[in-house]
Amino acid sequence: MKIIVDFDRCEANGVCVGIAPDMFELDDDDQLTVAEGDVAADRVADAEEAVAQCPKAALRLA
Ligand code: SF4
């Protein structure tokens with residue numbers, strides 16, 4: 001399971017970073033980056049929480 005970001009929707013407000021800073025990061029230009037590869041089994045709950053809490057509905061798991 002991977003995290004997919006719709007960069008057309010993301011407004012770089014950092015909500016997901018606050019929930020799971022090991023999976024999401026905002027750089028100095030407010031560009032969101034997401035950890036590559038599959039979400040670890042013990043991190044799926046936080047990944048799902050980030051998806052649910054993103055105010056722009058820019059995240060999904062696939
Ligand atoms: S919570 Fe959503 S809008 Fe905010 S930085 Fe993360 S992906 Fe972008």
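Guide: A salt bridge is a side-chain nitrogen of Lys or Arg within 4 Å of a carboxyl oxygen of Asp or Glu. Please keep in mind that this is a predicted model.

Visitor: What makes the contact of Asp-22 and Arg-43 a salt bridge?

Guide: The side chains of Asp-22 and Arg-43 meet at 2.7 Å, N to O, and because the limit is within 4 Å, the pair counts as a salt bridge. Asp-22 lies in the loop between helix H1 (15–19) and strand E2 (24–26), and Arg-43 in the loop between E3 and H2, so this pair ties together parts that are 21 residues apart in sequence.

Visitor: Which residues are linked with Asp-22 in a network of salt bridges?

Guide: Asp-22 is linked with Arg-43 and Asp-46, for Asp-46 also forms a salt bridge with Arg-43, their closest N and O atoms being 2.8 Å apart.

Visitor: How do you know that Lys-2 and Asp-38 form a salt bridge?

Guide: Their side chains meet at 3.0 Å, N to O, which is within the 4 Å limit. Lys-2 lies in the segment before strand E1 (3–5), whereas Asp-38 lies in the loop between strand E3 (32–34) and helix H2 (44–53), so the pair ties together parts that are 36 residues apart in sequence.

Visitor: Why is Asp-38 called exposed?

Guide: Asp-38 has a relative accessible area of 53%, and because exposed means over 50%, the word applies to Asp-38.

Terms used
Residues numbered from 1 in each chain as written. Predicted model: local features only at pLDDT ≥ 70, side-chain atom pairs only at ≥ 80, totals over all residues. Heavy atoms only, no water. Helix = DSSP H or I, 4+ residues; strand = E, 2+ residues; numbered from the N terminus. Buried < 20%, exposed > 50% of the residue type's maximum accessible area, 1.4 Å probe, protein only.
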